[in-house]
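Visitor: I have a protein model to look at and some questions about it. Could you walk me through it?

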Amino acid sequence: MEIYQGLVLAQRTAGDRGKFIDILTEKNTMAEVYVRTSRKASASAAVTQPFSYARFSLQQRKGQYTLDSAEPIRLFYRLRESLSRLSLATYFCELVRLTVREQQHPRESCEILRLMLNTLHYLENGEREECMLKPLFELRFMTELGMMPDLLMCRSCGVFLPKRLYFSVEQGCFFCTNCGAPQRDNSCILIPAAVLQAMRHIVFADFSRLFCFRLGKDNLRRLGHCTERFVQYHCSLRLDALQFYHQISAAPPFLEESQHEST
């Protein structure tokens, strides 16, 4: 018997007698678990649904986990009260499920589960705007995966905080407008210094301060555009939940500024 604390990210049917659930564990690894359909299992049905954080007792046989019992810790049930919150939470779960591998060996300091739980908490309670939580989760998640962008200084001249700059999605760094975007890099996005400062906060802040920053709505849209493209490029993913979220979101589509615009 093995005991795990974890968050259910997804479920899928397995014939008429059970289902599989994907759990992000406290070790920041993925576990695929088979759940039998029975009276015993039906008593804990809510605990095995997506967005359920629980303590799971698992049996392992021939490399396959089977659920023995589950004790709820927190069920993020109120996410289902809002279609936009639900679709955004589903996107977060899909992103983690498709990038965090089963039985991988993450860095000791990796805190993907903590990031998921904190983000779902703020999303469920409405204590932070969705347009803030989405880029925050995307960029910090990439950092926890070991794909942190280089945001310390201009890649060409070393300036620390230019007024405007080009963020290279492909290279994961930035270039000041004096140096200009590399000619062969079509992934560059023109952003102001405030967006760079927000990105630095997301990447470097302790968890106790991670969700404590402010940015205007236009700059939040710029930030979200940068982080979304960064995730899509480096993870090679186009997720249905994200597309659905954009369809129902009230925010207008982001229009990139010309790379040739001067300061």
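Guide: Start at a turn. Two residues lie between the strands in the hairpin of E4 and E5, and there Lys 62 has a positive phi near 55°. Keep in mind that this is a predicted model.

Visitor: How many bridges join strand E4 to E5?

Guide: E4 covers residues 52-61. The two strands run antiparallel. The number of bridges joining E4 to E5 is 10.

Visitor: In which sense do strand E3 and strand E5 pair, parallel or antiparallel?

Guide: E3 spans residues 30-36 and E5 spans residues 64-75. Tyr 34 has Thr 66 in E5 as its bridge partner. Two bridges link E3 and E5, and the sense is parallel.

Visitor: Why is E6 said to be largely enclosed by the rest of the structure?

Guide: Look at both sides of the strand. Arg 164, Tyr 166 and Ser 168 point one way, Leu 165 and Phe 167 point the other way, and all are buried. Buried means under 20% relative accessible area. E6 is largely enclosed because its buried residues number five of five.

Visitor: Which residue in E8 stands opposite Phe 167?

Guide: E6 pairs with strand E8, residues 188-192, in the antiparallel sense over five bridges. Phe 167 also has a bridge partner in E7, namely Phe 174. In E8, the residue opposite Phe 167 is Ile 189.

Visitor: Are the residues on the two faces of strand E7 buried or exposed?

Guide: In a regular strand the side chains alternate between the two faces of the sheet. In E7, Cys 173 and Phe 175 take one side, while Phe 174 and Cys 176 take the other. Both faces are covered, and these four residues are all buried.

Visitor: Is Arg 114 buried or partly exposed?

Guide: Arg 114 is found in helix H3. In sequence it is 88 residues from Glu 26, yet their C-alpha atoms are 8.3 Å apart. Buried would need under 20% relative accessible area, and exposed over 50%. At 39%, Arg 114 is partly exposed.

Visitor: Which elements give two or more residues to the lining of the largest cavity?

Guide: The structure holds one cavity of 30 Å³ or more. Its volume is about 40 Å³. Among the lining residues are Tyr 91, Leu 95, Val 231 and Gln 232. The elements giving two or more are helix H2 (83-99) and helix H6 (217-235).

Visitor: How many nonpolar residues are in that lining?

Guide: Leu 237, Leu 239 and Leu 242 also line the cavity, as does Arg 238. By class, one lining residue is polar and one is charged. The nonpolar residues number six.

Conventions
Residues numbered from 1 in each chain as written. Predicted model: local features only at pLDDT ≥ 70, side-chain atom pairs only at ≥ 80, totals over all residues. Heavy atoms only, no water. 1 Å grid on protein atoms, 1.4 Å probe; cavity = no way out; pocket = protein on both sides within 12 Å on 5 of 7 lines; lining within 4 Å. Points joined across faces, edges and corners; volume = space filled by probe spheres on them. Nonpolar A, V, L, I, M, F, W, Y, C, P; charged D, E, K, R; others polar. Pairing = 2+ DSSP bridges. Buried < 20%, exposed > 50% of the residue type's maximum accessible area, 1.4 Å probe, protein only.
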